[in-house]
Amino acid sequence: MIRKANTNDIEFLLPLVKSCIKNMNAKRIEQWPDWYPNRQVFLTDIAQSTLYVSETNGKITGMVVLSPEIPAEYKTVLWRQNNGKVNSIHRLAVHPKLKTHGLAKKLLEFAESLAKARGYSIIRLDTYSNNPLARNFYIRNGYQYSGNIHLEFMPGLYHCFEKAI
């Protein structure tokens, strides 16, 4: 089940994030520093009604943010799709023990369907350039590479992707 997150979920999201960071770091993917995402980020997402969580047997197993706000850094990207209403996906994460269960795809499809139902026709997102698993995941799901950005307070280069929905 995928549902809108609430403040009670934060206590379960923080350990999920720590597990994801530990798993990425073990693969030398330093996408998220130890302090991100944190309680304040989740509180903001919940206040803006943009954070969704997946639940399996009563436990939070993943998350995704679907936001109408477009990061300022995206203005420098030469996007392929320029005619339509844009939504962006952020912080898509699944507990590392469930990576092979298709949950990331379900969260992505959920976000795409919700955006489309709300009248959006384009989804944009970014992922760390040194995360081949994420890059390949988005490409397999129909996203096209559109350029690179640097994110404030985050290390490294990020690849931007988009998809018409």
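Q: What stands opposite Leu125 in E5?
A: Ile89 does. Before going on: this is a predicted model, where local features need pLDDT of at least 70, side-chain atom pairs count only at pLDDT 80 or more, and totals for chains, interfaces and linings use all residues. Residues are numbered from 1 along each chain as its sequence is written, and side-chain values use heavy atoms, with hydrogens and water left out.

Q: In what sense do E4 and E5 pair, parallel or antiparallel?
A: Parallel, over four bridges. Two strands count as paired if DSSP finds at least two bridges between them. The names come from DSSP runs numbered from the N terminus: helices are H or I with at least four residues, strands are E with at least two.

Q: And E3 with E4, parallel or antiparallel?
A: Antiparallel, over five bridges, with E3 covering residues 59–67. Leu66 has Ile89 of E4 as its bridge partner.

Q: How many of E4's residues are buried?
A: Nine of its nine, so to speak mostly covered. Buried means under 20% relative accessible area, exposed over 50%, and partly exposed in between, with a 1.4 Å probe and protein chains only.

Q: Which strands and helices do the buried residues of H4 pack against?
A: Strand E4 (86–94), helix H3 (103–117) and strand E5 (122–128). Contact here means heavy atoms within 4.5 Å.

Q: Which residues in H4 are buried?
A: Ala134, Phe137 and Tyr138. Looking down the axis of H4, the buried residues fall within an arc of 95°, so they line one face of the helix. That arc is taken from the directions from the helix axis to the C-beta atoms.

Q: New topic, rings. How many aromatic pairs does the count come to?
A: Nine. Rings of Phe, Tyr and Trp (its six-membered ring) pair if their centres lie within 6.5 Å; planes under 30 degrees apart are stacked, over 60 edge-to-face, and the rest tilted. One of the nine is Tyr138 with Phe161, which is tilted at 6.4 Å centre to centre and 35° between the planes.

Q: Where do Tyr138 and Phe161 lie?
A: Tyr138 is in helix H4 (residues 132–140) and Phe161 in strand E7 (residues 158–164), so the pair ties together parts 23 residues apart in sequence.

Q: What about Tyr145 and Phe161, stacked, tilted or edge-to-face?
A: Edge-to-face, with 6.0 Å between centres and 70° between planes. Tyr145 lies in strand E6 (residues 144–149) and Phe161 in strand E7, so that pair ties together parts 16 residues apart in sequence. Phe161 is buried at 1% relative accessible area, while Tyr145 is partly exposed at 37%.

Q: Which residues form the cluster with them?
A: Phe137, Tyr138, Tyr143, Tyr145 and Phe161 form one aromatic cluster.

Q: Now Arg80: buried or exposed?
A: Exposed, with a relative accessible area of 53%. Arg80 lies in the loop between E3 and E4.

Q: What is Arg80 in contact with?
A: Leaving aside neighbours within four places in sequence, Arg80 contacts Gln144, Tyr145, Ser146 and Glu162.
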